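Subject: Handing over the structure

Hello,

Here is the structure I promised to pass on to you. Please open it alongside this email, and my notes on what turned up follow below.

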Amino acid sequence: MSLPVHLNDTEIDEFGRELDHIYEEVMTSRGDRDAAYIRRVIKVQRWLALGGRIVIYASLGLLPYWGHALATWPAFLGVITLGTLMLGTAKILENMEIGHNVMHAQWDWMRDPEIQSSSWEWDTVCPSDQWKHSHNVMHHTWTNVIGKDRDVGYGILRVSEAQAWSPKYLPQMLYNTLLGLFFDWGVALHDVEAERLIAGEKTWKEALPTLKGIGRKVVRQVGKDYLAYPLLAGPFFLYVLGANFTANIIRNVWSYMIIFCGHFPAGSQVFTVEQVENETRAKWYVRQLLGSCNITGGKLFHIMSGNLSHQIEHHLFPDMPSNRYPEVAPRVQALCARYGLAYNSHSLGRQFGTTTWKILRLSLPTPNAA
Amino acid sequence: MKARLLDLAGLFATPLRPSHYLELVNPLWTTHRLQARVESVWDETADARTLTLRPGRGWRSHRAGQFIRVGASIDGLRHTRTYSISSAPERGDECITITVKAVDGGRVSRHLVRQIKPGDYLPIGLPQGEFVLPEAMPVRPLFITAGSGITPVMAMLRSYAALGRMPDVTHIHYAPHAYDVIFGNELKALAAAHPGYKLKLVHTRELGAELSQRRHFSAEQLAELCPDWAERDVWGCGPAALLGAVESHWNQAGRARHLHLERFQAVLAPVPADAAGGHVSFTTSKCETDADGHTPLLRVAEAAGLNPAHGCRMGICHGCDAVLVSGCVRDLRTGALIDEPGDKVQVCVSAACGDVALAL
């Protein structure tokens with residue numbers, strides 16, 4: 001079985017060669033401006049995180065409890081909201097533009113021991129070594145191959161008609177909402193393969209080392225946001241806890257939205273194991289293209305989405321520094337137009353809308369398309 | 001107790017360390033890595049510059065003659081080289097100096113000499129090396145230096161002068177011309193102030209190319225400049241040719257154990273463009289094998305009975321990355337050569353290009 005495109009093998013090979021050429025051209029031109037970019041993003045992120053925490057504590061001084069002229073509920077709520085937004089933004093930057101991309105080895109070439117895929121640990125409950133397995137290996141190699149890529153519905157959602165319907169999918173809009181709110185926990189448990197545990201395909205003993213790794217990370221992450229920082233506020237423990245919790249939810253909902261728009265919107269294709277047998281690199285490129293979706297937006301939007309708004313370019317060139325995706329995207333899009341291949345790029349509203357609609361629609365059985 | 005408290009403070013910064021946030025305010029306050037701020041720069045000659053560095057927290061004082069690793073980012077890429085400290089430990093302002101000569105075709109040395117300015121930060125390592133004077137002062141040292149090989153010996157001389165204990169020293173220093181002598185005026189001032197310090201400057205190119213050979217190190221020259229050489233302990237630093245000549249002379253005289261030489265990394269032989277395959281050492285697993293120029297090293301390792309970590313086997317996931325110890329590999333996708341020790345190699349898409357050692 002072949003890929004659902006009108007190109008013959010020679011044309012696919014030529015398409016692949018053109019992509020190789022773009023890749024080599026960009027990779028050999030990496031230099032000072034790329035290094036300066038990632039260092040600047042890291043610096044801004046750390047200042048934002050530090051600043052956010054400080055503003056949250058500062059807001060406590062505006063609680064009506066203190067009785068001074070500025071101490072009013074609106075003042076307090078305004079300032080604590082600002083601090084929470086700063087912290088949430090810092091967490092988004094850290095997880096997406098920094099953590100995800102550093103762990104893809106996008107910055108290893110700099111040989112900076114501080115910014116290496118092998119040693120980076122990110123600010124979320126998922127341990128980085130497990131993430132690098134479930135994401136870099138499973139998802140990026142087997143993108144959208146049913147039965148191989150566990151990111152197709154993350155083991156709990158039916159996001160393609162190619163997944164057989166079962167009654168367990170009926171309430172999937174509920175799972176979907178919960179996953180959006182507590183996305184970091186979903187990501188953390190991803191490599192445990194809970195659905196295989198429940199089905200008995202994997203034993204608890206096999207899952208134990210993974211669970212222990214998650215446990216160690218959870219203790220530190222929860223200890224930080226829900227114990228250490230709140231305790232520092234003494235009697236105002238709950239305010240700080242609430243702000244930290246909200247910052248984590250902001251990060252979760254945003255990254256969930258961006259990530260769900262990567263492969264699930266209308267037009268994105270899935271594949272069978274037979275289709276990818278003996279796949280050449282050129283065909284792998286085509287599969288990455290057909291299975292990925294971009295989101296249009298401005299410069300700040302792309303940075304805040306970790307450049308996963310350039311999901312197509314990220315899947316074609318996963319170890320290319322993310323700041324180069326915007327300049328590569330028009331070239332890839334023009335190349336696709338030349339070969340008559342679909343290039344799925346739309347606004348966040350359209351991509352997230354069709355994704356949500358799909359999850360809702362596929363919770364019900366679909367007539368078998370013959 | 002202190003460890004517990006630090007661990008608790010660490011919780012506030014997890015998954016980073018508090019030191020990462022201190023770095024935002026002042027890079028010299030960090031404990032997770034050592035950096036130095038460039039305080040000033042001073043041109044010693046047309047192509048040699050002294051950088052005065054203020055090391056951050058975690059620095060410990062050096063012994064005269066030791067060197068440090070210095071990192072520099074050039075085109076976004078980190079390079080690390082070693083440089084002798086040229087200042088004395090007794091300097092007193094908690095700064096150190098390194099003196100770098102811009103080598104022809106030397107990217108790092110040219111960068112340090114031409115691009116670095118006061119206020120820059122450089123990653124550095126702690127002082128290292130055995131090229132030091134014994135704790136019990138030798139009675140009569142002989143220093144033999146050439147070019148920028150003066151730097152560790154300068155630290156020793158400055159240390160003697162600072163302590164006011166200049167012993168009976170003979171110092172033979174080679175430089176192409178008088179104006180090429182790094183620290184020339186300071187050496188002459190030392191010689192004037194300390195009768196025990198006998199400075200013998202040799203300008204090797206002053207007589208034109210033809211006669212200059214005669215000015216290089218030789219037994220006759222040594223006998224003339226330092227008649228009592230056989231009664232001295234020797235510290236030598238300079239180009240490989242000089243050190244080789246000095247070494248064979250002292251070996252012949254049976255005085256090899258009185259010889260202390262400082263050699264910086266040997267120049268690596270360039271990899272021929274048509275090199276294909278070679279001997280492969282997997283250093284972590286202590287396994288040796290041979291490879292051709294087109295089989296991915298991951299398969300070479302597996303054929304040799306190893307089971308290295310890997311993922312996609314097609315250059316996507318970086319699950320198989322291994323650090324290059326020495327030699328050269330070719331990226332089979334792009335044909336690019338990777339030959340800088342410390343670089344990461346994607347072994348699933350790289351083949352040997354000549355002999356290679358990998359930390360695998």
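**A patch on chain A**

Helix H5 (residues 172–181) of chain A is the biggest contributor to a nonpolar patch, giving 3 residues. Please keep in mind as you read that this is a predicted model. The patch lies on the surface and is formed by Leu174(A), Leu178(A), Leu181(A), Phe182(A), Trp185(A) and Phe245(A). Together these residues have about 530 Å² of accessible area. Phe245(A) belongs to helix H9 (residues 237–263) of chain A.

**Where the two chains meet**

On the chain B side, 36 residues are in contact with 42 residues of chain A. About 3,200 Å² is buried between the two chains, and carbon and sulfur atoms give 57% of that area. Which three residues supply more than any other three of the area that chain B buries against chain A? They are Phe12(B), Leu24(B) and Ile316(B), with 21%.

A salt bridge joins the side chains of Lys344(B) and Asp108(A), at 3.2 Å from N to O.

Which elements of chain B give two or more residues to the side that touches chain A? These are helix H1 (2–13), helix H2 (18–25), strand S3 (67–74) and strand S4 (77–84). H2(B) provides the largest share, 5 residues. By type, this side of chain B is made up of 13 nonpolar, 13 polar and 10 charged residues.

**Salt bridges in the whole structure**

Over all chains, the search finds 44 salt bridges. One to look at is between the side chains of Lys91(A) and Asp123(A), at 3.3 Å from N to O. Lys91(A) sits in helix H3 (residues 73–103) of chain A and Asp123(A) in the loop between H3 and helix H4 (128–141), so this pair ties together parts that are 32 residues apart in sequence.

**Two backbone details**

Most residues other than glycine have a negative phi, and most peptide bonds are trans. Thr14(B) and Pro15(B) are joined by a cis peptide bond, with omega about 5°. Pro15(B) is found in the loop between H1 and H2 of chain B. In chain A, Asn307(A) has a positive phi, near 60°. Asn307(A) is in the loop between helix H11 (299–304) and helix H12 (311–316) of chain A.

Enjoy exploring, and do write back with any questions.

Best wishes

Definitions and conventions. Residues numbered from 1 in each chain as written. Chains lettered and ligands numbered in written order. Predicted model: local features only at pLDDT ≥ 70, side-chain atom pairs only at ≥ 80, totals over all residues. Heavy atoms only, no water. Contact = heavy atoms within 4.5 Å. Buried area = accessible area lost by both parts, 1.4 Å probe. Salt bridge = Lys/Arg side-chain N within 4 Å of Asp/Glu carboxyl O. Helix = DSSP H or I, 4+ residues; strand = E, 2+ residues; numbered from the N terminus. Nonpolar A, V, L, I, M, F, W, Y, C, P; charged D, E, K, R; others polar. Patch = residues over 30% accessible without salt bridge, like charges linked within 9 Å, V, L, I, M, F, W, Y side chains within 5 Å. Areas by Shrake-Rupley, 256 points an atom, 1.4 Å probe, with all protein chains shown as cover.
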